[in-house]
Amino acid sequence: MPVLKFKQERVIEALGLSLAKALEVLERLKAEVSVLPDGSVELEVEVDRPDLYSLEGIARAARGLLGKETGVPRYELVNTDILVKADDVPTRPYVVAAVVWNVNVDEAFLEELIQFQEKLHNSHGKNREWVAIGLHDYDKLPSREIYYRFDDIDYVRFRPLGHDKEMTLRRVLEETEQGIKYGKISLMGGKHPVLYSGSEVISVPPVINAELTRIEPGTRNIFIDVTGVHKQLVLNVLKVLVANLAERGKGRIGLVEIHHGDYIERQPNLESKQLNVEVERISEWLGLKLDVTTIVDALKRARFDAQVFDDNRIRVSVPAYRFDVLGWVDIAEEVAIILGVNSIRPKYPEKMMRGKLLEKRYWERYARLVLAGLGFQELYSYTLVNCVKQSLITGLDKASMIVIANPVSIELDCLRSTLLVGLLEAARINTHSTPLRVFEIGDVVTRDRMSDTQTTTRSRIGILYMAYKAGYEDIQAVVYTLLRSLGDEVIEVMPYQGRPFMKGRAARIKSIQGIEGVLGELDPAILEEIGIDYPVAAAELDYTDIRRQ
Amino acid sequence: MLGYRLSESEYRLLSALKGKIRAGVWYSSDEIAHLAGIDRSSVEALLRLLADKGIVELREEETKQVSITDVGKRYLAEGFPEEKLVSFLLERGGKVEINEVAKHLGEELSIAIAHATRKGWIRIDKGVVMLNKKPETIEERTTLEKLTRGEPVSEEDLRLLRRRRLVEIMTKTRTLVRFRSDPSSIVEHVVIEIGSLTRDHIVSGLWRRAVLREYNVAAEPPRLYPGRTHFFVDFIEYIRDIMKEMGFVEIEYTPVELEYWNYDALFQPQHHPARSPTDTFYLDTPREGRVADELLVRAKNVHEKAWGYPWDPKRALRLILRSHTTAVSARILATKPKPPFRFFTIGRVYRVEKVDPRHLPEFHQLDGIAADYTISFADLIGLLAEFFERIGVKDFKVRLTYFPFTEPSAEIYLRLGNQWLEVLGCGMFRPEVLEILGVDYPVAAWGMGLERIAMAIYGLEDIRQLYSLDITFLRNIKTRWWIRAGLEI
């Protein structure tokens with residue numbers, strides 16, 4: 001969730017409310033609010049509402065919620081003489097632009113503007129890869145002719161924002177902080193997107209602007225460029241930017257013509273999206289008895305326009321900056337927000353339905369009781385384990401385990417394929433407490449080419465006995481007792497040779513009810529490597545395919 | 001004589017001595033042990049106890065035992081050093097230079113000279129040893145020989161030998177015992193006091209004459225450590241039972257998941273920040289799974305229409321560890337079950353988090369879905385309210401929020417004691433999700449973490465304690481049985 005920070009005075013000023021009232025309104029707008037020790041206000045806004053990333057946008061919503069100003073906000077769209085001529089830029093094909101007048105930047109607003117831009121980059125621009133925003137002082141543009149080209153980085157020279165010298169684009173990409181961070185996104189074959197005003201570079205999206213058009217306190221009008229790889233995302237970002245900036249200005253937005261060869265378009269397009277919604281459907285979805293008037297009134301306060309068709313249908317106009325509204329369910333949610341979620345009373349379930357647990361749960365529950373009765377303490381351990389330890393115990397190599405590409409620590413880089421990893425760790429840390437009798441029931445995951453996930457989950461029970469003298473019979477007795485108590489019987493026993501057991505002192509068994517497993521004495525070489533200086537006898541039984549006799 | 005209270009072992013000793021000893025006669029404890037056929041050390045202790053009760057009299061008797069030391073034995077056999085000196089002088093005519101004497105006697109020289117001088121047998125003048133007279137007897141030898149024959153010797157003689165370390169004297173104490181009356185008559189009248197009743201007492205009828213010793217009933221008993229089921233597993237099983245009671249059918253699926261089921265099917269755009277290695281665990285091996293083409297096509301259409309980006313099917317096949325159990329709910333919905341139905345799953349989910357007292361990279365989630373031809377957000381909140389009441393939570397708060405896959409979406413805070421915990425996200429699956437999954441009825445869903453509730457119930461401060469392998473911790477944690485009785489948490 002984007003976290004925004006504002007100065008307290010600015011919150012009060014922009015919303016025109018006392019701090020307490022402002023915080024209450026913010027909560028109702030789905031924002032999580034806290035006042036920091038330095039007095040600033042921190043907001044966690046949901047990613048679906050980029051129109052709430054700036055105070056002017058929040059104020060617009062708040063006025064609606066409080067009924068001070070309702071319906072779709074109107075902005076004046078005027079033509080400008082700015083023309084963007086866009087070449088084919090293969091790595092970043094889309095560019096659009098707009099002007100917002102009378103924004104009147106001051107110090108506090110400049111910070112908010114940068115925050116707004118960065119949050120949009122993160123939540124909607126895939127960190128500038130898909131969409132990047134350039135903000136310029138309109139009055140500093142040397143020319144009304146804007147060019148968007150894919151140019152050789154050795155031939156482009158300009159003074160990047162925040163630097164005191166002119167340099168080649170190559171140096172900008174290779175040596176500046178921004179260049180190192182974002183310089184590879186749109187670079188291809190030594191060429192990079194460049195935006196010119198006349199012959200001067202004003203931006204190299206998505207990396208950095210030029211110092212030339214720097215916005216600073218005192219800047220009155222803002223020129224916006226948005227570039228990217230997906231057209232709809234680029235247009236959406238432009239819409240929310242101009243609509244929120246226009247809230248600060250006097251609502252005047254300048255249209256910019258873009259020429260892509262013979263294709264000409266004018267942006268931004270702030271036309272509302274039209275949706276027809278059914279009263280009954282919204283009522284049923286929310287579980288609230290609603291009439292047409294209530295919904296229409298609520299939607300207007302949500303800054304939508306709403307017109308009644310008939311008793312059941314409403315035509316809704318959704319402002320362009322609310323591109324998060326995809327369909328009628330989003331309209332339903334707006335109604336819930338405006339009416340308050342507490343207006344929806346819980347409806348307790350009335351229908352009787354038959355619940356059911358997985359059959360194996362009942363086997364597990366008896367197994368746990370029997371083992372506890374035999375003096376075994378149940379354990380519960382992590383399923384993330386260390387690959388090397390698991391290899392040591394199972395003999396599996398990395399290619400046959402489930403290995404995480406981005407583990408949080410190398411201690412937790414594999415998904416367990418045996419319960420013995422956890423049980424032996426328990427043995428290692430509890431050598432002061434012998435004889436030790438422990439068991440664990442849980443899932444392990446193994447490779448399986450037949451499965452859609454290339455893996456399969458197996459339900460296992462692991463049992464471990466550690467003592468001054470712990471042998472095959474000690475664990476065999478426990479396993480046989482467990483199975484017989486559960487009405488089962490061993491039907492096949494074969495000597496087992498393999499890790500982590502000792503040759504000639506381990507077995508593989510099968511039971512009538514479908515259990516398969518291994519049991520035996522652990523190889524002291526492995527115990528020593530783990531750091532256990534007591535003999536250990538253990539068993540691991542797989543009851544995934546448990547069935548009644 | 002009546003009224004003696006004897007312990008069982010005292011009684012056994014007396015019984016064993018019946019008819020073997022007489023009253024009023026002194027016996028050593030060794031003799032008693034021999035007669036009773038009981039080992040000496042326990043006999044000593046028992047006799048003392050009997051003496052305390054006035055049944056016997058005890059007397060300690062000290063005896064001295066003299067034993068000849070190794071040196072003494074050697075002198076007897078080889079001659080005393082002073083004897084050797086005298087015979088050497090006699091051999092050499094009664095006068096020998098001291099150097100030569102030294103050569104002859106070696107290390108015994110100084111002993112020989114000291115004793116021969118003391119006895120007046122020799123004198124030394126200017127380095128020459130001279131014999132005064134030929135001695136008749138040596139007292140020490142006479143005494144030692146007497147000792148060897150076991151004849152009495154005088155204290156004075158003994159002292160002389162002790163000074164020369166030729167004998168050692170050891171004092172030995174032995175216990176003598178005298179019964180006031182015949183054991184046979186004692187055992188007939190005693191009451192036997194026993195610590196614990198055994199089968200033998202019952203079989204022999206001895207219990208009739210026995211008195212069981214009274215306990216200090218307030219004393220701490222020894223600690224016992226039963227085998228126990230794990231408290232967190234117990235809690236999970238309890239939640240499963242509640243879900244079953246509420247008409248939910250349990251389902252499960254492997255925690256290795258395709259991005260498709262974890263994200264794409266749930267309408268989470270591919271550029272969503274959670275779909276990155278900073279939040280989600282990606283697998284190195286295996287890397288890619290499979291999904292039916294039909295499902296891929298539907299996801300592509302829905303994503304591209306709504307979000308306006310080119311949806312990448314390759315990305316959807318990428319294998320991850322599931323970040324929520326809603327993936328399991330998505331899978332069951334794709335099988336198009338016939339409503340009404342209620343399903344739930346409890347399983348582990350994984351998120352890229354460092355291990356600390358409040359975070360783990362793996363934890364448990366409960367996911368529930370309920371569908372009917374008409375099911376509403378109010379039904380969902382009602383279902384949850386019912387669930388909360390069953391687990392003993394009376395107060396909860398609903399707050400609207402955003403999830404890509406539900407609309408409306410809400411977070412629910414539960415009051416546990418005096419803390420409010422955010423443990424649950426819920427909502428109505430979006431039509432886009434239902435379209436991808438191929439379902440044409442509304443579905444209410446929720447997902448809830450179990451760790452934080454369990455911690456609150458068990459009073460744990462550190463989430464890692466839920467997974468502790470420390471046997472002492474696990475043996476000592478208290479059950480919270482009243483939670484299962486549905487009492488308020």
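Q: Is Arg303(A) buried or exposed?
A: In this predicted model, Arg303(A) is buried, with a relative accessible area of 3%. Buried means under 20%, exposed over 50%, and partly exposed in between, with a 1.4 Å probe and protein chains only.

Q: Where is Arg303(A) found?
A: Arg303(A) sits in the loop of chain A between helix H9 (292–301) and strand S17 (305–308). Helices (H or I, at least four residues) and strands (E, at least two) are DSSP runs, numbered from the N terminus.

Q: What is the phi of Arg303(A)?
A: The phi of Arg303(A) is near 70 degrees, a positive value in a residue other than glycine. Most residues other than glycine have a negative phi.

Q: And what about Arg128(A), buried or exposed?
A: Arg128(A) is buried, with a relative accessible area of 7%. Its phi is near 80 degrees, again a positive value in a residue other than glycine. Arg128(A) lies in the loop between H4 and strand S6 (131–137) of chain A.

Q: New topic: which peptide bond is cis at Pro435(A)?
A: The bond joining Thr434(A) and Pro435(A) is cis, and omega is about -5 degrees. Pro435(A) is placed in the loop between helix H13 (420–429) and strand S23 (436–447) of chain A.

Q: Then what is the omega from Arg499(A) to Pro500(A)?
A: Omega is near -5 degrees for that peptide bond, which is cis. Pro500(A) belongs to the loop between strand S25 (490–495) and strand S26 (501–511) of chain A. Most peptide bonds are trans.

Q: How many helices and strands does chain A have?
A: Chain A has 15 helices and 28 strands. Of its 549 residues, 59% count as buried.

Q: What box do the C-alpha atoms of chain A fill?
A: Taken along the principal axes, the box is roughly 90 × 65 × 50 Å.

Q: Over to chain B: where is Thr142(B)?
A: Thr142(B) is found in helix H8 (residues 139–149) of chain B. It is partly exposed, with a relative accessible area of 36%. Thr142(B) and Asp157(B) are 15 residues apart in sequence and, C-alpha to C-alpha, 9.5 Å apart in space.

Q: What conventions apply here?
A: Residues are numbered from 1 along each chain as its sequence is written, and chains are lettered from A and ligands numbered from 1 in the order in which they are written. Local features need pLDDT of at least 70, side-chain atom pairs count only at pLDDT 80 or more, and totals for chains, interfaces and linings use all residues, while side-chain values use heavy atoms, with hydrogens and water left out.
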